[in-house]
Amino acid sequence: MMASSYKDEDGHITVSGSGAAAGAGGGSLRSKKPENTAFKQQRLPAWQPILTAGTVLPAFFIIGLMFIPIGIGLYVTSNNIKEFEVDYTGVEMSSPCFTCSQNFSWNSTKPCTCSVPFHLDQPYESNVFMYYGLSNFYQNHRRYVKSRDDSQLNGNEESLRKPSKECEPYAKHNNKPIAPCGAIANSMFNDSLELIYIDPNGTKVQIPLTATGIAWWTDKHVKFRNPGAENTNLTVVFQGTTRPVNWRRPVFQLDSDPDNNGFINEDFIVWMRTAALPTFRKLYRIIQRRSNVHPTLPRGNYSLEVVYNYPVRSFEGRKRMILSTISWMGGKNPFLGIAYVSVGSVCFLLGVLLLIIHHKYGNRNNAAEISH
Amino acid sequence: WLRHFCNFGGDEGRVHSRTIYVGHKSCPPNEAYIPPKFCDNRIVSSKYTVWNFLPKNLFEQFRRIANFYFLIIFLVQVIVDTPTSPVTSGLPLFFVITVTAIKQGYEDWLRHKADREVNEYRVSVLEDGRRIRKMSAKIKVGDILEVEEDETFPCDLILLQSSRDDGTCFVTTASLDGESNHKVRCTATHLQLLSLGPENLLLKGANLKNTQKICGVAVYTGMETKMALNYQGKSQKRSAVEKSINAFLLVYLFILVSKALVCTTLKYVWQSKHDETWYNEKTQKEKETNQYLKMFTDFLSFMVLFNFIIPVSMYVTVEMQKFLGSFFITWDKDFFDPEIQEGALVNTSDLNEELGQVEYIFTDKTGTLTQNNMEFIECCIDGFQYKHGDGSSETYFDKKEELFLRALCLCHTVQKEMGFIASSPDEIALVKGAMRYGFTFLGLESKNMKILNRNKDVETYELLHVLNFDPVRRRMSVMVRSKTDRRRFSVVTFFSLSVQEGYRTLCVAYKHLSAQEYARADADLREARLALQDREEKLMAVYNRVETDMILIGATAVEDQLQDEAAQTMEALQGAGMKVWVLTGDKMETAKSTCYACGLFKKNTELLELTLRTLEDGGRSREERLHDLLLEYHKKAVQDAPPVKLGITRLKLASGHDYGFIIDGASLSMVLSSSSEPNSRRYKNLFLQICQNCTSVLCCRMAPLQKAQIVKLVKNSKGNPITLSIGDGANDVSMILEAHVGIGIKGKEGRQAVKNSDYAIPKLKHLKKLLLAHGHLYYVRIAHLVQYFFYKNLCFILPQFLYQFFCGYSQQPLYDAAYLTMYNICFTSMPILAYSLLEQHICIEVLLEHSTLYRDIAKNAMLRWKLFLYWTALGIFHGLVFFFGVRFLFSNPALQDNGQVFGNWSYGTIVFTVLVFTVTLKLALDTRHWTWINHFVIWGSLAFYVFFSFFWGGIIWPFLKHQRLYFVFANMLSSVSAWLVIILLIILSLLPEILLVVLRKPRGPHARQVTLNCTAGDPQSPQSPARPLLTRTFSDESNTVI
């Protein structure tokens, strides 16, 4: 690959080859004399940079001087992000969801509900993003990660009837193909969370939550598609398939909105993007800012209304609800800021140190020496 | 019909007697003769045919441990349920196998071509009295062949008829044993029927000379000829770098296995705590599998997951680097010799880097150091010196001078046949020298020597006796009788005196014999020659008696012209820390003169001599004397030598005391095969130690096999130094094959050496550039290539290993399969390949000018364990930075400004992006020579990675089961945090590297100056004051010990 491309280019870099070669070879036979091209004689013009203290020191200072402000900016941005987290797993006796977590059973028909009160110390001004967080949940386990059929999720009718083997043991139930198949879909997070603002005067106001815009646009519009492109009646399309074992509703009843139902249900799509680490959060709802006057979430008391469907105690997991504002860098994460500031400072200090060493001990490298 | 019983005892593999029907006449019915099957004359040196190429080549390739290992990994992937698809390792393996197969196929095709050339060579065969042109391959045993002058014998023949009257013919065996003198072969006569000997045999490969044509019967054909039997299959030579690679490979294999073991163990520890969860149940098959089998397959799965740490593609890149890199040797116009219209030749590309590691050079003398072209330079008659050029113009000659020139014309064994032929080239030089002064030797006709003197008169002398040259007597004489004055007998003697000013000096002396004296000498000689016992001693006694009371006339100086720039080359090589040993079959005096001439021995060099002469001094048994001498020299050269501190160059040592060692073949065989075993080992050690402490070693009167023995001895000595042999004749083949690197000179003596060498160059002077520039660069390139490859795969796979701790040891790959496969093939392979082909950390002119730079890389300096550890540590550091940097970022996976979260594939893609950029930029930092190709390839690779990632994630691929990367890369780029973390981690990873560059001790003022020179871009910088072409330092025999 490489070699041929070299040879192709030989012609361009001929220095004085033809003259010399022709002279030796005469007119008769092609002489074996090697061609005098810059490439073949290893004489291609080259830039020969030499890294010396002279060239490197400014780089250190520049890096230091650039990274520290960026880091400070990142740190401030991250600090300005408001984040509130509430754990509603119900492990402690005192927790409101304790009963629900204790009495969990897959077969129960009556959903268990609990409400978790909490208090916001600050008003949340801009759009607020509501996440659910799970801990000790290995969504990145290999058997789990591959237990899906992307072709089925892309609306392929054949895969709908015959789910891929990767979905085992969640491919078929009672000899009917499961839609959507696989362990990921089967274990979809199905707690429903509602936020209720408790006015200082005692009235409860339900906060409107937007369930769309939480999944990647490309996932929603390209990667996930309902089968039967034209047929909007999902009940018919999904006939002959069965719901995942742990689901309470079939896939075509996930939402009343036809654009958010079936495989293109955004809650489902979000869940299907497997998390990188065993402790993760996933976007659940967005609380849109309604007016410029009132904050999206005013300071005060709230209640989180949970329909407790999702068991995590069996694997010592935790469930959280997170409210967070978002900046240009995403959610709250002080790491980047700290990292930038530290790397910047280290660079700067090293620069200073090197400068001292350089001035004290060696006048050997005095100028930038990059020559052609 | 004729029946031959040939018996050449001792030739291994040859049937001791064979019966041949000449001309395929049917055998008489009364004799029970079963025609034996002899092979035809086809020469096959190729390994494959079109049909067996694929299976045979595949078999050969999978015998290599590395390939076999990858095949096993591939099979495991096919059979066991592994985290990565078989394609990830199958594709690179397929690539490797294909590239190697193409390379080997090409090389074999070249061999086929060479074979065809030999096999289709047209020869004349006499069949039923007619001459038929036949292809050489079709010759059968028993065919009668006709060979004309200057043709090469196509197979081993028994001489039946010669066009010469005396039934002899002359052959040169230059292409067989390097001896270019003419040898006489006799016709097999009826009398000889039962005792055919070597004198009747014409060997394949020899050339017919001075004989119009001969007829011979083919006795040995094809692979049974002496030449084919002598051709030892070239054993695979492996370079020191390859050995280092294998050692590193073992370390990485160990890392790999321990990683897999750790993960397997932890997996089961983890599983005991984390029972099967409801959301992630095992499949039916998994539940049914036996626990231990499961453990085993888990182990295999981890092995497969981490197997990228042992780079498949390293082999292919190394192969490509070697193969493509060797073109630079063939392309080098500095190696082009206008005389033979040829450049350098590369026979194996496996040893390029070994050229940068040479510690010992074994060179042949004749044809290599010298041109094997004797020239009469000057003579000294009666105390007056005559140089060529001023003598010829003189018209007046006194008696002494005429006598001198007449002597030159008489005392030799030269034959005149369209030019002069003699067994020793200096005889010709002398005869030619005499011719220049007006005395022409006209030839020898039935014992009469004719000389045309200055007055254009023909003088005739009857040659009575020739007292041959021998190394002990160191002289030769002839007895002649003048035709004009029949009573006048004269003895003319040449005796080799010594070596002065690099010339070979011979003294000429004469004496007149009276008829009585002659009669007595004649009788004595005849008697001694016929003596059955102690013939040698008796002859010697007679010779000594005859050669007394001689009258000295003068001396001649003959010079074996040195090759161009021989002295400079030797100086440069010694400056580069290489020790030069001259191994020659020649006489000691000649060889010594050459050594002086090319500066191997200097004026102040103290010579330690271990030859028959020194051994026979002192009157004790040779064995004892050998012992004493060895001890004495050892004391001198080894024990008393000032301890050399490391780092002090040997040049400084040389200024103190300089030793040269001389040994001859006979003494060497005594050293090597002493009667008692312990003695022998001790002698060997002593010998080696002495030699290694001498600047130069001269071994003269060596048989070809002894040359190889010496090379072997040094090769296997302490520290296993890298040896290089250079020679031009077939007598050097054994040492060329034995040494680590064999170099052939495309000289006058046939192509045997060139064929068997690893590299062939037209002239000795090319060795300098071959080693100092090409060798140095190749070594640096490949050493960096190897280290870099291990490094880049370590930091590639370490994050994957660390990820297991966060995914329940479930063998979940961190990167997508496409990235796993493409990483080594596409994203990171081209920059390093370009680097390893083009890098010139120091430019060629500087390398040639400062030969000491070669010492910087001696002893495999760039692949020492310390450096390997450094690279490994760097790889680990990078791996940790990549993984944990992203890990901390992902403590909140909401990284987009719309609050959406990233999943595991985004995680892997960020790590991978950082990885590809860091690894490529690390190489960019190491690159000291940026041609446009480097720019193109480095920035092109990065651009290709970005382009590929977009492309790969931009389409729903119908053939993929999982659309894991769909828009992952694009989404990653839409996140500012991802950008920031990528930049941060790249800079953080490269920081220590940059820091080290600054902190690293400056490589001495010398190196600094070197680089400055280099960048000045002035290739024609003034040469260091080199020694003149021929250094004629006056050296005295008295320098010799004893």
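A crossing of two helices is right-handed if the near helix is turned clockwise from the far one by less than a right angle, and left-handed if anticlockwise. In this predicted model, the crossing of α26(B) and α31(B) is right-handed.

Helix α26 of chain B spans residues 766-804 and helix α31 of chain B spans residues 904-926; their axes come within 11 Å and cross at roughly 160 degrees. Angles over 145 degrees count as roughly antiparallel, and α26(B) and α31(B) are therefore roughly antiparallel to each other. On the α26(B) side the contact includes B:H784, B:Y788, B:Y791 and B:F796, and on the α31(B) side it includes B:N904, B:F912, B:L915 and B:D926. Sorted by class, the residues in this contact are 11 nonpolar, four polar and three charged.

Chain B also holds an open sheet of nine strands with mixed pairing, in the order β10-β29-β28-β27-β11-β23-β26-β25-β24. Its edge strands, each pairing on one side only, are β10 (345-346) and β24 (605-610) of chain B. Within the sheet, β11 (residues 360-363) and β27 (residues 723-727) of chain B run parallel and are joined by four bridges. Here B:F362 stands opposite B:S725 in β27(B).

Two helices of chain B that pack on the sheet are listed below.

| Helix (chain B) | Residues | Strands touched (chain B) | Angle between directions |
|---|---|---|---|
| α17 | 588-597 | β23, β24, β25, β26 | about 155 degrees with β26(B) |
| α22 | 677-692 | β11, β23, β24, β25, β26 | about 135 degrees with β25(B) |

The edge strand β24 of chain B is among the strands touched by α17(B) and by α22(B).

How values were computed: Residues numbered from 1 in each chain as written. Chains lettered and ligands numbered in written order. Predicted model: local features only at pLDDT ≥ 70, side-chain atom pairs only at ≥ 80, totals over all residues. Heavy atoms only, no water. Axes fitted to C-alpha atoms, helices over the stretch in contact; angles between N-to-C directions. Parallel < 35°, antiparallel > 145°, perpendicular 65-115°, else oblique. Contact = heavy atoms within 4.5 Å. Nonpolar A, V, L, I, M, F, W, Y, C, P; charged D, E, K, R; others polar. Pairing = 2+ DSSP bridges.
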